[in-house]
Amino acid sequence: MSRKHHITTTINGETIEFLCEARQSLLEVLRDTLHLTGAKEGCNNGNCGACTVLLDGQPVDSCLVLAVEVQDAKIETVEGIAQCGHLHPVQQCFLEDAALQCGVCTPGFIVAAKALLDRNPNPTEREIRFDLSGNLCRCTAYDKIVRAVQDAAARLAAK
Amino acid sequence: MKDFEYVAPKSVDEAVAVLARHNGTAKLLAGGTDLIVQLREHLRTADVVVDVKKIAELMELRVESDGRLWIGAGVPCYRIYGDERIARSHAGLVDAARIIGGWQIQSRASIGGNLCNASPAADSIPALIAENATCHIAGPNGRRTLAVAEFCTAPGKNALAAGELLVAIELPAAAPQAASAYERFIPRNEMDIAVVGAGSWVKLDPAGNTIAEARIGLGAVAPTPLFAAAASQFLAGKPATDESYAQAAELAQKIAKPITDMRGPAEYRTHLVGVLVKRTLATAAARALGK
């Protein structure tokens, strides 16, 4: 039996403790140990972005982070984006614009798109496509995804 | 993934001691975007993974008072392109850092890791070669330096001896009337591996119309990234014109020894060397004039 590491970290504002083996990815621990199944395993090698979470404010592929690395870190997952039962404008616009088909890529897109708008509230289409290039949509709903991000930007600006 | 021991030393000396203790079975972890994939896919094995991100010296991104740029080996790409001073002083490296993977990769992947992974197609390496960057290396026998142009020895192999680690990459200060640029060709707009990459650094004379000095680095056209020495030397004293860039591009094509693979045939890659060398020289020269 491998040695377990005791990790304390902050996930969606809450202090969380868990045990993990060094070989386990953050994605594995989020999904299998902490039952935060929003982040999806797509490629498990850093190409598809379905497992995107924010690590200390930066979007990362959680399949390419070891869970042991997140001691004292701040993690935000798709589960933390809706506040008090209200969808975030990015989520609302993905819904209204039907910016998804099968939905597996959606949590990763939502996390990355929110990070993008937090950093750049008024992005051009080109900037949206460039910054979301680490997220793949197998159903190729890209045009609707870009439109949803543009709509979310407009909605956030009107607030 | 097979389990391993995880250690996060706090200093370079401690890291060197860990490497010595494990005699080749320890692997260094910076951003993990190569290592974790390689361990998962059994391309590499490790009994111990040594996370270098708790070593302050390796996470330092510093502009010295004389303008030299110190990039700790673990500094992720986003910190490089997020720094406006570096965007002005070492634009070619910023060009490369912005296109290594997507945003998620750039949040983690370090320039030092990109260099140590020693891919012939690594985006940062031709840019570093063009900037005449130097590696700072620590090991059981102390510290040493090595030109980035000498660092890669074969695909996936580098000049680090057993027990050594890369501490930092140092870039010379930006010179007046000098600038750099990096471009790669890929069949899509982003998130791909270079078919060919080229980095150029150009220093103009004070009047701004003659090239005083130039350096060209090439990627994905040989087993290691290359310094195009003859093409670079040719440019010294030449007018900063498209004709000079075209002549230098032809010299650069001569040292390109690309393979044919799924990313493109050798002939096409050689053609691309010409295109990208011309373009990056022109961009670097324009930037040197503040354009």
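This is a predicted model: local features need pLDDT of at least 70, side-chain atom pairs count only at pLDDT 80 or more; totals for chains, interfaces and linings use all residues.

Entry one, strand pairing. I found that strand S3 (residues 52–55) and strand S5 (residues 74–76) of chain A pair in the antiparallel sense over two bridges. Strands here are DSSP runs of E of at least two residues, helices are runs of H or I of at least four residues, and both are numbered from the N terminus. Two strands pair if DSSP finds at least two bridges between them.

Residues are numbered from 1 along each chain as its sequence is written, while chains are lettered from A and ligands numbered from 1 in the order in which they are written.

Entry two, the sheet. I noted an open sheet of five strands in chain A, in the order S2-S1-S5-S3-S4, with mixed pairing. Its edge strands are S2 (14–20) and S4 (58–61) of chain A, each pairing on one side only.

I listed Val12(B), Ala15(B), Val16(B) and Leu19(B) as buried in helix H1 (residues 12–22); buried means 20 or more other C-beta atoms within 10 Å of the residue's own, exposed means 12 or fewer, partly exposed lies in between, and C-beta atoms are placed from the backbone. Why are they on the same side of H1(B)? They cover an arc of only 100° around the axis, taken from the directions from the helix axis to the C-beta atoms. The face turned away from the buried side of H1(B) carries the exposed residues Asp13(B) and Arg21(B). Just after H1(B), Asn23(B) takes a positive phi of about 45°.
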